[in-house]
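Please look at the sequence and the structure before reading on.

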Amino acid sequence: MFVRNLKQVEETSHFVEWGSGTSHRLLTERDGMGLTVCHTIVWANTTSLLEYRNHLEACYCIAGRGEIEHMAGNVFPITPGDIYVLDKNDKHYLRGGRDEDLILVSIFNPPLKGTERHRLEGGEGSAY
């Protein structure tokens, strides 16, 4: 058993500024649990084109507001208590709220190493 908190993670390479926010990678591949758990902040007024080609992701909103847009054009507002699931390696736009950050608990399978960073420049979107 172990206990880990956000402040501890901030002192490691598992605290990542990913271009449109931050991610505390609280549980990673090295922990041997078979998944990653992150505390993710999506900054207000940001839009990111993302795709996880090698990971499935589920995100549970714990605070703030934002939205996710599927490439088919469906836009879903995200508020506290909502979960969105990218169960087919879905390419998507993730947006922070107009005036507030979106705060998520993000879960990845298979687990992340913990130091991955998005590359948001260019029109292809970020993928890892």
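A nonpolar core is a set of buried Ala, Val, Leu, Ile, Met, Phe, Trp, Tyr and Cys residues joined through side-chain atoms within 4.5 Å; buried means under 20% relative accessible area, exposed over 50%, and partly exposed in between (1.4 Å probe, protein chains only). This is a predicted model, in which local features need pLDDT of at least 70 and side-chain atom pairs count only at pLDDT 80 or more, while totals for chains, interfaces and linings use all residues. Residues are numbered from 1 along each chain as its sequence is written, and side-chain values use heavy atoms, with hydrogens and water left out.

**Overall build**
- The protein has 1 helix and 11 strands (DSSP runs numbered from the N terminus: helices are H or I with at least four residues, strands are E with at least two).
- Of its 128 residues, 43% count as buried.

**Core**
- The largest nonpolar core has 17 residues, and V42, I78, Y84, L94, L102 and L104 touch the most other members.
- Two or more residues each come from β3 (36-42), β5, β8 and β10 (102-109).
- The most come from β10, which gives 3 residues.
- Beyond its neighbours within four places in sequence, L94 is in contact (heavy atoms within 4.5 Å) with residues including W18, V42, Y84 and L102.

**Surface**
- V85 is found in strand β8.
- With a relative accessible area of 48%, V85 is partly exposed.
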